Amino acid sequence: MSRSAVRTRPEGSARPLSEAYDTALLDLDGVVYAGGVAIDHAVESLGTARDGGMRLAYVTNNALRTPDAVAAHLTELGIAAEASDVVTSAQAVARLISDQVPAGARVLVIGGEGLRVALRERGLTPVESADDEPVAVVQGFGGPDLPWGRFAEASYAIARGVPWFASNTDLTIPSARGIAPGNGAAVEVVRIATGATPQVAGKPLPPMHRETILRTGAERPLVVGDRLDTDIEGAFNGGVDSLLVLTGVTDGAQLLAAPARHRPTYVDVDLRGLLTGQPEVADVGDGRFRCGGWTAAASGGELRLEGDGEPVDGLRALCAVAWTVAGDGACELDGGKGLARLGV
């Protein structure tokens, strides 16, 4: 599909995705694990894809942990990984800062160890106070125990004219207990206090895609994620294909309503989708689309679904109708009845 064309249905693939692409650029939270616990089928699927020759790179907007810590956690879960397999928004924002400030410059850190390690890697000096004469402020996810006073420290420096950078602006983050506030929520606290706007590095923006390609050398990458506004939009902005898995924050209704930049190339239940081909979604005329045993259409302001089979096939068919009707906008048809039949 041309990158200038509007995607109107999920694509099919006759080959397993692990063979069609050389590198999987995998999000972590909501894709590989949730709250630190491996998601069902993730460990086995990734092992099989890797053994078949696909390179696995773990690309996360979470700037809290270092690549070493992330790789160690993955290995504990049963997924063999090295620090070089991990790309974080901390690394992306550190490069963004280093391109704009002198070598060795002081940077005020509002966040965790991942940011400090990434800054040192780029030859910059992390500091803790607005009174340490920083030339930049960087803010990243600091975990649930980040003191409130750190936001004040950032605000003091920004008010003095120090440029502000953010690793990412994800408003939420998945956890084992549900959806929790992410770094974007913390960024809003500082934005409200200062009236300033940060330069942002993480998904879906180009600095993160640049960092990922520089570190992996991927030639035929496939972005694998659970979020439309970071993973899938980031793939869209980078001009590469994407696989949405339904193990994280995106539900069926959000997928049906996705504007063009949020529409994945492929949709599957979980990471087992890497190991298989993808079914074609066929246009059967009169505004109807078929996938597997399901046929979807629009009628009376609603998305309708008939047939039986794998629920994800029904979801793919519904996507084709919704995205075709919407063009490059967001679909406003009611998909409730169709989704209820699928249980998604």
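## The second largest cavity

About 130 Å³ of space lies in the second largest cavity of this predicted model. A cavity here is a set of points, on a 1 Å grid over the protein atoms alone, where a 1.4 Å probe fits but cannot get out. Grid points are joined across faces, edges and corners, and a volume is the space filled by probe spheres set on the points. Around the second largest cavity are 14 lining residues, with Val59, Lys203, His209, Thr212 and Val223 nearest its centre; to count as lining, a residue needs an atom within 4 Å of a point.

Helix H8 (206–216), strand S13 (221–225) and helix H9 each supply at least two residues of this lining. Helices (H or I, at least four residues) and strands (E, at least two) are DSSP runs, numbered from the N terminus. By class, the lining of the second largest cavity has eight nonpolar, three polar and three charged residues. In this scheme Ala, Val, Leu, Ile, Met, Phe, Trp, Tyr, Cys and Pro count as nonpolar, Asp, Glu, Lys and Arg as charged, and the others, Gly among them, as polar.

A word on ground rules: residues are numbered from 1 along each chain as its sequence is written, and side-chain values use heavy atoms, with hydrogens and water left out. As this is a predicted model, local features need pLDDT of at least 70 and side-chain atom pairs count only at pLDDT 80 or more, while totals for chains, interfaces and linings use all residues.

## The largest cavity

The model holds two cavities of 30 Å³ or more, and the largest cavity has a volume of about 160 Å³. Its lining is made up of 18 residues, and Asp29, Asn61, Asn62, Asp170 and Ile173 lie nearest the centre. Strand S10 (172–175) and helix H9 (228–238) are the elements that give two or more residues to this lining, and S10 provides the largest share, three residues. The lining of the largest cavity divides into three nonpolar, eight polar and seven charged residues.

## The largest pocket

Next comes open space. A pocket is an open set of grid points with protein on both sides within 12 Å along at least five of seven lines. The largest pocket has a volume of about 530 Å³ and is lined by 26 residues, of which Phe141, Gly143, Pro144, Ile173 and Pro181 lie nearest its centre.

Two or more residues of the pocket lining come from each of S10, strand S11 (178–181) and H7. Sorted by class, the pocket lining has 14 nonpolar, ten polar and two charged residues. Ile173 is also among the residues nearest the centre of the largest cavity.

## H4 and its two partners

Two packed helices are described by the angle between their axes and the distance between the axes. Axes are lines fitted to C-alpha atoms, for helices over the stretch in contact, and angles run from 0 to 180 degrees between N-to-C directions. The axes of helix H4 (residues 89–98) and H8 come within 9 Å and cross at roughly 105°, which makes H4 roughly perpendicular to H8; angles of 65 to 115 degrees get that label, under 35 count as roughly parallel, over 145 as roughly antiparallel, and the rest as oblique. H4 brings Ser89, Gln91, Ala92, Arg95 and Leu96 to this contact, and H8 brings Pro207, Met208, Arg210, Glu211, Leu214 and Arg215, where contact means heavy atoms within 4.5 Å. Five of the H4–H8 contact residues are nonpolar, two polar and four charged.

H4 also packs against helix H5 (residues 113–121), at an angle of about 40° with the axes 8 Å apart, so H4 is oblique to H5. Ala90, Gln91, Val93, Ala94 and Ile97 of H4 meet Gly114, Leu115, Ala118, Leu119 and Glu121 of H5. That contact has seven nonpolar, two polar and one charged residues.

## Backbone details

Most residues other than glycine have a negative phi, and most peptide bonds are trans. With that in mind, have a look at His41, where phi is near 75°, a positive value in a residue other than glycine. His41 sits in the loop between strand S3 (37–38) and helix H2 (42–51).

The peptide bond from Lys203 to Pro204 is cis, with omega near 10°. Pro204 is found in the loop between strand S12 (199–200) and H8, and Lys203 is one of the residues nearest the centre of the second largest cavity.
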